Every structure is written in structure tokens, then in C-alpha cells.
Amino acid sequence: MKRKRMLALILAAGILCTCFPAKHAQAASFEDISGHWAYDYIIQATDRGFFSGTSSTTFSPNKIMTRAMFVSVLASYSGENISGYTTNKFQDVPKDAWYAHAVAWAYRMGIAFGVTGTKFGPNERVSREQLAVLMIRFANYQQFVLPRVREGKLFADSGKCSEYALDSVYTLYRAGIVNGINNSNYNPKGSTTRAEAAVILCQYANAAAKKTSSSERIPLISHRGYSSGAPENTMPAFTLAVQRGYQMIETDVMFTKDGVPVLIHDSKIDRTSNGSGKVSNMTYAQLKTYDFSYVDGKDFSAYRGTRIPTFEEFAAFCAKNNVHPFIELKVQMTEAQIHKLTDIATKYGIQYQSTWISFNYGNLKYVKSSQPQSSLCLLTDRVTSQMLSYAAQLKNTVNTVCLGANEMYLKPADRARCLSKHIPLGVWTVNDVPWAVTQANTCAQYITTDGLTWGNLYR
């Protein structure tokens, strides 16, 4: 996969930096592109061999792209030798067809599938929404995280976009690779012309050739601190997260028997300490006697003697290090307990740079009542109509509300519903690099991870 990525970068850099006089002269001789709005992109695309003319003197910029044409263009862009790729899956793809290897390659790489279980539809047109989906899959195949150069956008005619494609259109627009028609509509069902495909391939290549700036990256949230390097939900883990460059840290809050908010994920201390028992049955003084460097049998011997931190310690740490905390309210809490937490956040001046998260809708209602301007995130395993309704009810005129969904269950239709309802979406917990790339190339606002860093995702 790294070799494929390197080939793609070489090709992309070539589009921006390399001159091919002979090919350029050939492209410039096309009689039907003079004065065309996509002239420069057509020249670039033909220079790099993504496209050739339909004859020695014509490019046919307004000719409709077919599925066979487009996967062949992607195969050419990839730089991969596709001569060994074959498939018997599609009855309408003859083995000796000029596009047979490209279809087999695209299918094997997860870029293009059939229009049915046994037909590829090589001569069917590529609609504008289908092109968006294919380009996102191609980026995932290349392990290229698309930059976030502008706010994502729902076009005026987004209601006409298929659920499976809306997220891809949104994501490609955010990356600066596609635009709308008169910056208003996208025309998702409309056909893709050769000129439009040339523009999009060149825009993609331009993005691939540039280094992604920090402001163009997807935000990463350090789950329970840098828990792959230090005991979870401890001050060493939070410190390590800051050292690794995280600006957002997630933690879990529970209350002790004597009303002290402490940071721990489980209701019991058995998994993460050398002790045993429920947090709610122990005083803070009792909890301080245990060592919280024993986590899931991992060797955290370098952190022996680590104690359970209080929420107040964490709030002070976030204020000092300019960290945006994602504070998970683990169990159903009383209104008084929520007020205690929001008062601590206010004491340390982090009330407007915190996000309160919970699976419990009631907890977030209390936060909304206590601090109307606070950011809220309703956690869920699956995106359902009920969860979307709850998220909408948590909104007011001054706060922001998102859904934090389990990455294992998310489907394109789920993302489409969140986009249509104007509910931002985050995903948890992602620790596999290829899967993180796939999640980053969606409308996801952030990714929660145990240890991935931007160095894993971006060059």
C-alpha cells in the first residue's frame, strides 16, 4: 500500500511540476477544446496520460463518461500494473474487453462494484454522485486522507442525492475537489462528462501533491488520555497525550461515596488497579490507597504508584495545557452532581472549551440547563431516529450538539441522515490505520483513538 501511495504522489507531483512538451503539443492540438472552460485541466490530464483523445484531433470534452471509462482512468492514475487482474464475476465484461483488467482491478481494490451481483454495467454512465463515491473509495485505496480545506456543504438539491452518496459529495466538496453548479446545486443524478472527470482528477492530484496543514487535518481525540502508552484515565496518560500533540482528550467521570468526582471508566476498580470494589461504595480517601497502574494486565511498571485523579485535577491540567476535554458522564447522575462538575469547569475557565459527552440523555439535559453554551455530544452505538431526535432536542440557539457513534456500525445512510438533520457526527474508537483513513474520508467531525496520531495518517 505504501508503494501505491508513493506512485500516486509521484504522479500527482508530475501534474504540478513536470512538463511534457510532446504530449502537451498533442493535447493542445485538440480542435474541440479551444476556449473550453476546462481547457487547462484537459491539458494536464492528457499530459499525465489519464486521458487520451477520442481521435488525433478531438478530445470530446462533453462526451459522457461510462463506468468502464472511469475505472480505466483511475487505474491509469494509480500507476499500478493491472495486467494480472481478472475476474469472472461480471457476465457483461468480456475477458478480452479493453476495460476488463481495469474493472477487475477496481473490483478487487474495493473501488467499484457491480450494478447487480453479476453485471458491472460497463457502458452505463457515471452520474455525478457515483463519481463522488468512486473518488472517495479511490482515496481510501491509496490511503490518502483528503484535506479539509473548507466547510462541508449541503447543496440546495441535496434532497435529490442518494443516501449512499450524500456523504461522499459532502466530503469531496470539503476537500475542494468538486464544486456545485453556480455554487448552489450539485445535480447529483446528472451525467459526468470527460471534461468534468479531467477536472476532478487534476484537483485530486493537486491535493495529493500538497502537504496537509494542521488546520486541514481531522481532529483526533486521545481516548482516556494516551492509554496505549500510560495507564488510562491517569495524569501520566494525559501528560503523554499532550506530548504526542493531542489538543483534545477524552476522560470518564464518576462520583465516590463521599461525592468527589474522579476519573475512571468502569464502575469497579478491579480492571484498572490492584484493588477491588465499586467506586460508588468507596470514599476518595479509600480510592487513593490503590495503585492504578495495573490495567488489563499490561506492563505499566514505569508508572507504579499512580493514583486515581480527581476531576478538579484534570480541569486544572486542561486549563494549564490549553486542552479541550471531552468529559464522559459515565452513569446516570443527579442534577446536583452535574452542577458540581460544571462549577469546577467554570472555576478553571474551561467551560467554553469543553465538550460534555454521555450515553445518558438526561445527563446532557442537566448540562444544557446548567451551562446553556456548553458543547454536548450524545453517544450511541447506532444512529437511530430516536437518537437523532434526542440530539435535536439538546440544541438551543447558542450551543453545539453532535452524535458520537460507534465506528463499527456506521453506514453511508447513517451519515446521510446526520447531514440532512444538520447533526455533526464523531466516531469512536478507531485504532487501525486503514480504517481510520476510511473514517477520516467521511463527514466525521473527529476520531477518538487510543493511540493513532496525525503522523500515522498524514505524510
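Reply: Let's start with Cys 161, which counts as buried at 12% relative accessibility (buried means under 20% relative accessible area, exposed over 50%, partly exposed in between, with a 1.4 Å probe and protein chains only). Keep in mind that this is a predicted model: local features need pLDDT of at least 70, side-chain atom pairs count only at pLDDT 80 or more, and totals for chains, interfaces and linings use all residues. Residues are numbered from 1 along each chain as its sequence is written, and side-chain values use heavy atoms, with hydrogens and water left out.

Me: How many disulfides are there?

Reply: A disulfide is a covalent bond between the sulfur atoms of two cysteines. With the cut-off for a pair of cysteine sulfur atoms set at within 2.5 Å, the count here is zero. Cys 402 is in no disulfide either, its nearest cysteine sulfur being that of Cys 377, 3.1 Å away.

Me: And what describes a pair of aromatic rings?

Reply: You use the distance of the centres and the angle of the planes. Rings of Phe, Tyr and Trp (its six-membered ring) pair if their centres lie within 6.5 Å; planes under 30 degrees apart are stacked, over 60 edge-to-face, the rest tilted. The whole structure has 24 aromatic pairs. One of them, Tyr 77 with Tyr 204, is edge-to-face, at 5.6 Å centre to centre and 75° between the planes.

Me: Is Tyr 77 buried or exposed?

Reply: Tyr 77 is buried, at 0% relative accessible area, and Tyr 204 is buried with 0% too.
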